[in-house]
Structures are given as structure tokens and as C-alpha cells.
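Here is a walk through one structure, from a single side-chain pair out to the whole chain. Keep the model open and follow each residue as it comes up.

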Amino acid sequence: MSVTGLCQICETAEATHDCDRCGALVCDDDWDRQSGFCVECAAELGVGEGDHRTPNGPGSEDITPPDTEDETHQF
């Protein structure tokens, strides 16, 4: 299958793979070679190389880890 278009995760790089699980077209950075899945599916399933980068696409400003230094997020 020929893969063309922008990566459906980062929406900036050229897509070069399609996810075997969800079918998303993804770039090399968002592709988990070990599992054959996009990094989102690999993370959901807990499989793959575990080299998942911080999201930087649209909406990524909403995916900020909590400040672990304050007492709000202490267990």
C-alpha cells in the first residue's frame, strides 16, 4: 500500500507508515517499529519500544503533566 499525506498524529511530517491497529497514517517519529502500531496504539496497549515523545500537534498545550512539586498532586 502506498502511504501519502501528512501524519495523522503530528500533522506536520509526511506519513510513511499505516498503523496495523487503527489504520492511521503516521510519520517515522510516530511509528513504533517493534509493534507495527502508531505510538498512540502502542502506548494504549503497553507494547513497543516505549520511545514515545511528548505530543506537539494541535491541542498539545492541553497535555501538560501536573506540577508534581506542589501538594495538590501528592499521594
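Start with R21 and E44. A polar contact of 2.9 Å joins their side chains. The model is a predicted one, and every distance here is computed from it. The R21–E44 pair also qualifies as a salt bridge, with the closest N and O atoms 2.9 Å apart. Side chains of opposite charge can pair when their charged atoms come close.

Where do R21 and E44 sit in the chain? E44 is in helix α1, and R21 is in the loop between β1 and β2 (25–26). The two residues are 23 residues apart, and the pair links distant parts of the chain. Their surroundings can be compared with the cut-offs for burial. E44 counts as exposed because its relative accessibility is 59%, with over 50% required. R21 is partly exposed, because its 40% relative accessible area lies between the 20% and 50% limits.

Stay with R21 and look at its other partners. Setting aside neighbours within four places in sequence, R21 is in contact with F37, C41, E44 and L45.

How many disulfides does the model have? The count comes to 0. C19 shows why. Its sulfur is 3.7 Å from the closest cysteine sulfur, in C22, and that is too far for a bond. The cut-off for a disulfide is 2.5 Å between the sulfur atoms. C22 is in no disulfide either: its nearest cysteine sulfur, that of C41, is 3.7 Å away. C22 is partly exposed, with a relative accessible area of 47%.

Now return to charged pairs. A search of the whole structure finds 2 salt bridges. One is the R21–E44 pair already described. D28 and R33 also form a salt bridge, with the closest N and O atoms 3.9 Å apart. That distance counts because the limit is 4 Å. D28 is partly exposed, at a relative accessible area of 39%. R33 is exposed, at 51%.

Next, go to Q34. This residue lies in the loop between β3 (31–32) and β4. Q34 counts as exposed, because its relative accessibility is 57%. What does Q34 touch, leaving out residues up to four places away in sequence? It touches G48 and E49. The C-alpha atoms of Q34 and G48 are separated by 5.2 Å, with the two residues 14 residues apart along the chain.

One backbone detail deserves a stop. E11 has a positive phi of about 60°, although E11 is not a glycine. E11 lies in the segment before β1 (17–18). Its relative accessibility is 44%, so E11 counts as partly exposed.

Finally, step back to the whole chain. The secondary structure comes to 1 helix and 4 strands. Read along the sequence, the pattern is β-β-β-β-α. Buried residues make up 29% of the 75 residues. Among contacts with a separation of 6 or more, 12% join residues 24 or more positions apart. The chain exposes about 5,400 Å², and carbon and sulfur atoms supply 47% of that area.

Definitions and conventions:
Residues are numbered from 1 along each chain as its sequence is written. This is a predicted model: local features need pLDDT of at least 70, side-chain atom pairs count only at pLDDT 80 or more; totals for chains, interfaces and linings use all residues. Side-chain values use heavy atoms; hydrogens and water are left out. Buried means under 20% relative accessible area, exposed over 50%, partly exposed in between (1.4 Å probe, protein chains only). Contact means heavy atoms within 4.5 Å. Accessible areas come from the Shrake-Rupley method with a 1.4 Å probe; for residues, only the protein chains shown count as cover. A salt bridge is a side-chain nitrogen of Lys or Arg within 4 Å of a carboxyl oxygen of Asp or Glu. A polar contact is a pair of N or O atoms within 3.5 Å; within protein, one must be able to donate a hydrogen and the other to accept it, and residues adjacent in sequence count only if both atoms are side-chain atoms.
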